Amino acid sequence: MLVSWWYLYLGAQSLYRHGKTDACLRFKCRLIGDERERYVRDRVYVGHVFVHISGGVSLLNMASVLQKLITPLFSGPVEPPRNKVTVVGVGQVGMACAVSILLRDLVDELALVDVIEDKLKGEMMDLQHGSLFLKTPKIVSGKDYSVTANSRIVVVTAGVRQQEGESRLNLVQRNVNIFKHIIPQIVRHSPNCILIVVSNPVDVLTYVTWKLSGLPKHRVIGSGTNLDSARFRYLMAERLGIHPSSFNGWILGEHGDSSVPVWSGTNVAGVSLQKLNPEIGKDTDRENWKETHKKVVDSAYEVIRLKGYTNWAIGLSVADLTESLMKNLNRVHPVSTMVKGMYGIGDEVYLSLPCVLNSAGVGSVINMTLTSDEVSQLKKSADMLWHIQKDLKDL
Amino acid sequence: MASTKEKLIAHVSKEEPAGPTNKVTVVGVGMVGMAAAISILLKDLTDELALVDVMEDKLKGEAMDLQHGSLFLKTHKIVADKDYSVTANSKVVVVTAGARQQEGESRLNLVQRNVNIFKFIIPNIIKYSPNCILLVVSNPVDILTYVAWKLSGLPRNRVIGSGTNLDSARFRYLMGEKLGIHPSSCHGWVIGEHGDSSVPVWSGVNVAGVSLQGLNPDMGTEKDKEDWKSVHKMVVDSAYEVIKLKGYTSWAIGMSVADLCESILKNLRKCHPVSALVKGMHGVNDEVFLSVPCILGNSGLTDVVHMTLKPDEEKQLVKSAETLWGVQKELTL
């Protein structure tokens, strides 16, 4: 600190000698301390020096509040973020994912990307204004994918949404074209990331993402039936009067109309519901439990009909997946993964199976004991997905 | 023949299950209401959440969407209806209903539109939750908190306006950005009217108790070379800017509402800048609500911290009070 004052004095002196009067100088000086250099990141301090002819250097009214308040002890280059997540697409789903992730304290940096620049900036500002209530010190956004660099997880929600009554499969080619622009850029800036694909039709688009990214298959996940299973557990638990987390039940396969409820696995405290009611899930079941699965399938359409879109539930489910990946939990989630070679499926398709998620992505897949009927449903979905995928252009 | 449920579960308790202990109602399921709802849910503040609105489809859709996330939450009951009976026994009722600011529209222009809406809402809330604490968010918040107080007949400690809680949060965020410190370690209070004429109390701005004005006596004045005054200006302009960019603001106000609800529901007795009845304080003689630092707990707003204000800061508060009273006395309640 003293040395810098000395330099300023010398500077002022030389100006005085050159006859400059009432000179107001602004020059940049780095804080230099004795033998060690002290920088505060790239900060540069501006000093105003007023030199008066009346002799004697007077007012050195320098030091900003920041300088007076804070003594830096260390600063090297800025450390890269350790737990960064990028959300691509700031529509209702993307923002619900972003807010859920922020409110669960999962990240030290959040990046938002979209093509609509005003909306993007507005959403970023709105989240930044809540920083006091969060533990995520850096929230950035930009149309340019450089803001996404060094992400551990990238959540892709970009794309057009289902219209009322439109099935997920109809969205395909529209969204493939968008992904051709998005995916390579993501991978360029975060080559080691894990991609979570949310956009619909999720199973097809996860396949598309995997192809376009060139990433190994365990690093590309589709949100898949994570949400369907959550809805299933909620509806089943309501019927039984317990909390959803105490009801265990898995919906696998294709996210949407042909998802497969694995009735053999449904249980509370290990007590299999199918053992208590062997007809469960069949048309002959007098209690009509099958209806609950139907309600799960219809849920999305129903909520879209009522409010125009769904967002909160999918946002919460994505935050749940993010938590397992970030914290290396090895929890099991029903997510969309590459299933070629399992259950007699010969095509490269993505379907939801119970996957063990950790910080490398999909660590392993649980081998579900499925009835032959359930296996044939999976195979049928796989065939249908491959039928669409094989006609997609430019992958 | 026993159902699956009967075979699985044996009911043993002879008691009726107790009612909700921490119920929160959100009135209005627009962007602000839903942001408040999701923030409250993700902070695990409540055991029951009720949503009310007049648009029935939207209301039902929002409730279903939140219910579908129940697996990931710790709020077991989420209900919604146009009828206020679903709001019964709420501890806190967050009122976000009303028309929103259009681009460029000032908060005061919204007044009469929102007063008429409140005349329907407030009595219905009180009917079903006579002991609740009302938290008013709709703009212009200071006037509408007064309106809610008058229409509800509740004592003054049970009617709170979200006020400058958000302005202060924005101020602390911008201050944090300027200093490279987390907002929670940057202390600064913005009080008075929520909006264009809010008052930043420069004398209180500090980090670790070190007064920034002590380090920079020109802080907040025109002479200040570091132009800290523009930090406050940015706070005032924030809302307009975000509205211009994305059409509305939601996330920040939602989180700030959850922050207030937390203090109330958990009886924290934390100090927040919220809108309270300030007649008799700081030279204000009218029955108006302005934001001052208040202690919030489960009885609501129990105490007010008396700030040491400069004469021109007090003058600003008095002036805001006069403007607000000028509008309030013309209202038909």
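Visitor: What share of the accessible surface of chain A belongs to carbon and sulfur atoms?
Guide: This is a predicted model. The accessible surface of chain A comes to about 17500 Å². The part of that surface that belongs to carbon and sulfur atoms is 52%.

Visitor: What percentage of the residues in chain A is buried?
Guide: Chain A has 395 residues, with 11 helices and 16 strands. A residue counts as buried under 20% relative accessible area. In chain A, buried residues make up 54%.

Visitor: Which residue does UniProt list for "active site", and is that residue buried or exposed?
Guide: The unreviewed UniProt entry lists H194(B) for this feature. H194(B) lies in the loop between strand 8 (190–192) and strand 9 (198–200) of chain B. Buried means under 20% relative accessible area. Because its relative accessible area is 8%, H194(B) is buried.

Visitor: Which residue's backbone oxygen does the side chain of H194(B) reach?
Guide: A polar contact requires a pair of N or O atoms within 3.5 Å. The side chain of H194(B) reaches a backbone oxygen at 3.2 Å, and that oxygen belongs to G163(B).

Visitor: Which residue in strand 11 of chain B stands opposite N206(B)?
Guide: Strand 10 (residues 206–207) and strand 11 of chain B pair in the antiparallel sense over two bridges. Opposite N206(B) stands S211(B).

Methods:
Residues numbered from 1 in each chain as written. Chains lettered and ligands numbered in written order. Predicted model: local features only at pLDDT ≥ 70, side-chain atom pairs only at ≥ 80, totals over all residues. Heavy atoms only, no water. UniProt positions renumbered as here; feature names shortened; annotations may be inferred. Helix = DSSP H or I, 4+ residues; strand = E, 2+ residues; numbered from the N terminus. Buried < 20%, exposed > 50% of the residue type's maximum accessible area, 1.4 Å probe, protein only. Polar contact = N/O pair within 3.5 Å; in protein donor to acceptor, adjacent residues only side chain to side chain. Areas by Shrake-Rupley, 256 points an atom, 1.4 Å probe, with all protein chains shown as cover. Pairing = 2+ DSSP bridges.
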